[in-house]
Every structure is written in structure tokens, then in C-alpha cells.
Amino acid sequence: MTYSKLTSTELLGIRTLGELKKAGYQSRSIKQELRDNLIEKIRHKENVFPGIWGYEETVIPDVERAILSMHNINFLGLRGQAKTRIARMMVSLLDEYIPYIKNSELHDDPLAPLSRYAKDVLAEQGDHAEIAWLHRDERYTEKLATPDVSVADLIGDVDPIKAATLKLPYSDERVIHFGLIPRSHRGIFVINELPDLQARIQVALFNILQEGDIQIRGFKLRLPLDIQFVFTANPEDYTNRGSIVTPLKDRIESQIVTHYPKTIETGKRITEQEAVVKPEQKGVVRVNELIKTLIEQIAFEARESEYVDSKSGVSARLTISAYESLLSTAERRALINGESSTYVRISDLYGVVSAICGKVELVYEGEVEGPVIVAQNLIGKAIRTQFLNFFPDPEKSKKSKINPYAKVVEWFGAGNEMEMPADMTDREYIARLKTIDGLDDFVDMLSAYGDAEEKLFMMEFALHGMAEFSLVGKQALDQGMKFQDLVSSMFSGPGEDDYDFEDDDDDDRKPF
């Protein structure tokens, strides 16, 4: 049986270099290892990066080409685009176990020793040298680039204590304390946010990437490290903290540009996969596909918003956090009302404002508006966009002989108002929606729905959509919304319905 056919149990039973040679072991670089294992997966039609959605035709083929070319990789993209996740998943392309000289800090290949320690052991013990095994999970090292990272952290430094203990002069290479990169020999080394690394530290990587030697405090040590480097970075035109120095960029053979989900459906798959839904929430809160679509639409609207800095991006974490907050909003309402279960509502979307605020970088105009107002506007735009997928365009309907919105608009035009508190019971929620004349028939006529609960959801969705298209007025309350005639809402602000303009001497006051 050849070495490649041995099981994990059989491999771990090999204890000496002689036994390893007898099993037919041959040295192989990590990049060759990644390449060979990728080829096998492609031939067997295996999914190399499971759980990565939306990159099937773009990023993943680029990654596979880079691995087949045995390139170091730089993932360039905005935040929340699965750059680090892909890097971590490359571990699955490594052999489950590889042998190394026992106790060697660089995990030296038994047939290609690198460190002084490993060479001395082999010279003294030969085929009797002890072998240990390294699991693939231990061959991954990740470092977040921060301004305080030093050359000593990454590459190494002279260790005076080691020199004193071993009674060696500083000129002996054995007094070197190796940093993270040498200790990642025969593994994958990832530097996240590479532009944050100071330029002088980036320069220290030149020789490691190209020439295969390192320099530590005067040592010029030939150390041809065997490492698969992966870097991640935001586009340089966005980051204000630094940039990738040109010679270093030149040494990174493949630069792969990532992107956000291109479709709502892809975004929904990512959110459903990543969102943490508590077991008790699954039994309490029932959701439909439209509310999931609206969550994703919020992110799409944010990426196009004039108030949001497009260069900073809108992370997929926004939709994940928003979906978790949405479920918690509905769950909280059920707990307050003592209900064992509830169906998610459109008004629950306004409970995710806190999840949106921290996920978007605002431009100056957005800062002036305020993050809460911007978040509420994004929710409104998402409702407006999706509304047209279920109901006729209100602008075109105005010119039609039969306006399907007329009855609902007339009900509010007659002076009727409807307050929709955020935490009202399901019974009250049903009663209030049913009170609005024409809304029930409107949904029956124009929308498909699955059951009575989904119909109520669509009725509320229709009401919010009409408000976004200025068919009816919508006014924010401390807890919930109030719908009324559009003209009435223009002359009343929050808590100011009874304001008497005739008694106000300030002619410059503008109505809301």
C-alpha cells in the first residue's frame, strides 16, 4: 500500500523517520499539496467552498485558478464579503495529517529540514529520529494587521534569555526567537486588512515572498519557508489608514476582487445560513418569504443610498443582524402580550433600526439627517421597491379608470385615522386592519397569500406601501405608526395633531 492510501490511524502509527521512508513518504510543498487536493475535488465534482453563495461564477473560479497556479492570494473587497471565510476554508484542501520532526518549532519536513534543531537531530539519529504528526487545523495562522504589529511579531528577534540559557553568542542562529510567519512553515498564513500594516513592516515581507530568506537584526538567514500566503484588504481608495506598498503588491501573484450578493435570493440564502435563530424563537415567531426579502432589500437600498458612503460598503452582517433583531422584536411583543406564538409584521421592521445604524457609514448629508432617520428611510424605500412586485404602480393607477386604491384612500380622506401600536396584541392587530374600509378587498383582489395570517401581513404591507407612495399619510409615534389622510398628515407632526396655526405669529413655520 502506498503512502497516499494510508488511513489516518495508520499514519499516526508511524513513529520514526525510517518507518516514514518505508511507507513511501515524499516531500511536497504546501502549494503543491493544495493544488493536488483541489484537482481531486474538482474531478470528483465536490464543492470546494460550501456555504459560500453568490461567488460560484466569479470569485470561486478565481480562487481555484490561483491555487492551481500555486499563487499567493490577496482578496480585495469591502467589508462583509467573506474574504476571511474563504481563506479559512482553504484548510479543507490540506492533507489531514503531515509528518514533522518531533519538537521542531518550525514543524520541519523530515526529508527537507529547515531549522538548525531538525538538521542536528537528523544528523545524530538518522532513521531513528522521532516523527510527530500535524493536523490540518493546526496549519492555519491568522493575524489581524494593526499599527502596533512589529517585525519581531511577524518574523522574529534575537532572544537574549535563550542565548544566556544555551550559552550561545548572539551570532548563533539558535538564539533567534521566530515570529508568526516562520512558525507557519508548511501552513497557510493570513494577514487581514493588509493596508493597516505599516509600510516598513510590509517591506520586511519582500524577501520572504520572493527570495526565501529572512533578516533579523543583522542575521541574513537563508530560510526558504514553505507558506501559502493569503492577504485581505479593502480597496485602497476607501481606507484612510494606509495602502499596500507597490513592491509587495507586485509579489502577490493573484489579486481577487470580491463583491456583495448580486440578487435578493443570494442574500437571503446567506442570511438564513448565518443568522442565529434561537430554538425558542422558532416555536414562537412565524415568518414569510416577503419579510426576508424586505430585509435583503434594505441592504440593497443602503448600497445605493445617497446618505451612505458607498466606498465603505454595506456588510452582509447588516442583514444577518437585522433578521435576528426582527425575530426578537416579534418575540418580545409575544412575551409582553402573553401570547404563545405570533406572526411577524411589517411594523416589526422598525425594530431593526438599531441593527442598521451600526452597519452603515454615513456621508455628511447622512450625518445631518441622523442614523435613525436614515435607517427608517431605508426601510421605507425597501417597502416601496418590493410593493411594486405585488401591487399595481400607484402612479399609473391614478390615471386608470378603475383605481384599485381609491376605496382605501377615500376612507382616510373622510377623516378616519388608524393608530398601529408596535406592541398591540394579535387580536387588536386584526381588528384594526379589518376596520380600514376596502383594505381587505384590495388584498383579496390583487395579492396572492397562503393563509389568514399572511393575508393580514399583506394588508399591513399594502398600507405601508400606500404611505410610501403618498396615497395616505404615515406619522411615526413613540411606539408604532399612525395612518391618516395625506393632507392631514402634512399639517401635523408627532404629537401635534391639534396644533392651531392661526394662533402662531411665526409665518415662517413650515408644515411637516
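Guide: Ring pairs join F387, F390, F391, Y405, F442, F461 and F469 into a cluster. Keep in mind that this is a predicted model, where local features need pLDDT of at least 70 and side-chain atom pairs count only at pLDDT 80 or more, while totals for chains, interfaces and linings use all residues. Residues are numbered from 1 along each chain as its sequence is written, and side-chain values use heavy atoms, with hydrogens and water left out.

Visitor: How many aromatic pairs does the structure hold, and why is the pair of F391 and F442 called what it is?

Guide: There are 13 aromatic pairs in the structure. For F391 and F442, the ring centres are 5.1 Å apart and the planes meet at 25 degrees, so this pair is stacked. Rings of Phe, Tyr and Trp (its six-membered ring) pair if their centres lie within 6.5 Å, and planes under 30 degrees apart are stacked, over 60 edge-to-face, the rest tilted.

Visitor: Which parts of the chain does that pair link?

Guide: Distant ones: F391 is in the loop between α19 (371–387) and α20 (394–398), F442 is in helix α23 (residues 439–446), and 51 residues separate them. Helices here are DSSP runs (H or I, at least four residues; strands are E, at least two), numbered from the N terminus.

Visitor: Is F442 buried or exposed, and how do you know?

Guide: Its relative accessible area is 1%, so F442 is buried. The cut-offs are under 20% for buried, over 50% for exposed and partly exposed in between (1.4 Å probe, protein chains only). F391, at 4%, is buried too.

Visitor: What makes the pair of Y405 and F442 stacked, tilted or edge-to-face?

Guide: With 5.0 Å from centre to centre and 45 degrees between the planes, Y405 and F442 are tilted. Y405 sits in the loop between α20 and α21 (406–413) and F442 in helix α23, so the pair ties together parts 37 residues apart in sequence. Y405 has a relative accessibility of 1% and therefore counts as buried.

Visitor: What makes a set of residues a nonpolar core?

Guide: Its members are buried Ala, Val, Leu, Ile, Met, Phe, Trp, Tyr and Cys residues, joined through side-chain atoms within 4.5 Å. The largest such core has 66 residues, and L349, I379, F412, F461 and M466 have the most contacts inside it. Helix α24 (residues 452–468) supplies the largest share, nine residues. Apart from this core lies another of 32 residues, including L154 and F178.
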